[in-house]
Amino acid sequence: MRSPRRRRAVAGLLLAPLLTGCFASGGGTTDDASGDGSRLRVALAFPPAENLSPYGADATLLSRLGVTEGLTKLDANGVAAPALAESWTRENDRNWLFTLREATFQDGTELTPAAVAAALTRATEAEPVTAALSGTALTAKADGDRRVRVTTEEPDPALPLRLSSPGFAILSAKAYRAERVNPVGTATGPFEITEVTGTTGATLDRFDAYWDGRAQASGIDARFIADGSARTNALRTGQVDLAEAVPVSQAATLDKGTRRETATTRTTSLLLNTESGAFKDPKLRAAAREAVDGSVLAQDVYEGHADAGVGLFGPAVTWAAGKRVEPAGRAEAADPDGTSVTIATYDNRPELPEVAQVLQQQLREAGFEVKLEVREYSRLESDALAGKFDAFVGARNSLLDTGDPVSILASDFTCDGSYNLALLCDKKVDRAVAAAEKEADTAKRQQAAMNAEAAILATDAAVPLVHQRIITGVGDSVRGVILDPYERTLVGTGTRR
């Protein structure tokens, strides 16, 4: 990083897992002598689902394209590291003081404590609440010329990790002038959005005043291609330079040097609607769990590019296996006796419809009648969150939102969770998650997270299926792609062709 005040006085805990994989081909500071460089052509799996709102699923799209940044980021080991904040200290249980680096927004205004405080405040007011803030309340105020004080309602030892979430992107005042937050030309990253063509593509230009050095690529031409075969073919035929989420069925069509496989913290699960319909009955949830065989999915659907599900946190989270707790008090399975259920999934990740088909067969053999509903994700999310299906097959990076294992349990499985696709509201689960949130010691927090995982799995609201490895297609001439196990970044200042 290029900063005249390169301090790393990071106090407090940096609560995050060590991963079996690490960031590859980093995108750090580059030599400005690189010239204008070529534009990068990138094929992405997910089009904007929420008008590029930084508070929902589109937040990750913005961070992967190098548009937005937060006060902190995750390093290769999942530890909170400086981003727009060059350092921070924990003053007491509830107060943190962040010192800002010198940086400029893409609209030419300066990064100031007032601007940062306003951005964080707007994030706390988002509806639905950004996943990284689930179960947590905070306020932010400017403190002098370079510092921002963040105060949490309850002690939050994971705050630096929480603020690394793409959902806490810092935008200029211009972004918040309308009811809908607009990241176009108002972010701080090395690339600036100049045009969005609906759900088909976006144009980005290099932001030459980027605080961490001028990007080597002069811009990005992003295409949103939901069909995995079409994404892969676009790379194979030279229409794009990068293709994310290459389907395992297409991997063999790419040269070995073009395929980059990365172990991730992404788990594919079967989430059962606990609020209404057939799976409101815990005995039928137990029957569904007993009918499912994740090892078949790992070998047949993912062709060995995944591991059978063992929990909400897979083998890429290296500490999880040694701390895992066996779920207790599960309901006894009932005979489905022809109970009809509808399973929904999305085709942006091509394996998921195949997973759903295998699950359909497995559940039918157990006595269920099963219908499938497959859509593009942006046309499915709201109905899934509203509980319009009996079950949902989704792939979720368990540490994407904060890097803190407890935070995703709060957002996905508690009564007030903002991304609770299982619509689970269980007092034992809420107590277990609340207990984990209070732990400040790293090892104790990890163990508490696994206790909460056991409480969640005991309800059979979630059935872990497989733990994924992702395949990224990288053109022969491309260098500096960021292969991120958290799937937050893809293109950086050093990415070029």
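Axes here are lines fitted to C-alpha atoms, for helices over the stretch in contact, and angles run from 0 to 180 degrees between N-to-C directions. Helices (H or I, at least four residues) and strands (E, at least two) are DSSP runs, numbered from the N terminus. The model is predicted: local features need pLDDT of at least 70, side-chain atom pairs count only at pLDDT 80 or more, and totals for chains, interfaces and linings use all residues. Residues are numbered from 1 along each chain as its sequence is written, and side-chain values use heavy atoms, with hydrogens and water left out.

**View 1. Helix H11 packs on H13.** H11 spans residues 405–413 and meets H13 at an angle of about 25°, with the axes 9 Å apart. H11 and H13 are therefore roughly parallel (under 35 degrees; over 145 is roughly antiparallel, 65 to 115 roughly perpendicular, the rest oblique). Pro405, Val406, Leu409 and Phe413 of H11 make the contact with Arg445, Ala449, Ala452, Glu453 and Ile456 of H13 (contact: heavy atoms within 4.5 Å). These residues divide into 7 nonpolar, no polar and 2 charged. Ala, Val, Leu, Ile, Met, Phe, Trp, Tyr, Cys and Pro count as nonpolar, Asp, Glu, Lys and Arg as charged, and the others, Gly among them, as polar.

**View 2. Helix H12 packs on H13.** The two axes come within 8 Å and cross at roughly 170°. H12 and H13 are therefore roughly antiparallel. From H12, the contact takes in Lys428, Val429, Ala432, Val433, Ala436 and Glu437; from H13, Arg445, Ala448, Ala449, Ala452, Ala455 and Ile456.

**View 3. Cys415 and Cys425 form a disulfide.** Their sulfur atoms are 2.0 Å apart (cut-off: a pair of cysteine sulfur atoms within 2.5 Å). A search of the whole structure finds 1 disulfide. Both cysteines lie in the loop between H11 and H12, so the pair ties together parts 10 residues apart in sequence. The link has 95° about the S-S bond and is right-handed. Cys415 is partly exposed at 32% relative accessible area, while Cys425 is exposed at 55%. Buried means under 20%, exposed over 50%, partly exposed in between (1.4 Å probe, protein chains only).

**View 4. Glu439 sits in the loop between H12 and H13.** H12 covers 427–438 and H13 covers 442–458. Glu439 is partly exposed, at 28% relative accessibility. Not counting residues up to four places away in sequence, Glu439 touches Pro157, Lys444, Arg445 and Ala448. Leu297 is 142 residues from Glu439 in sequence and 36 Å away, C-alpha to C-alpha.
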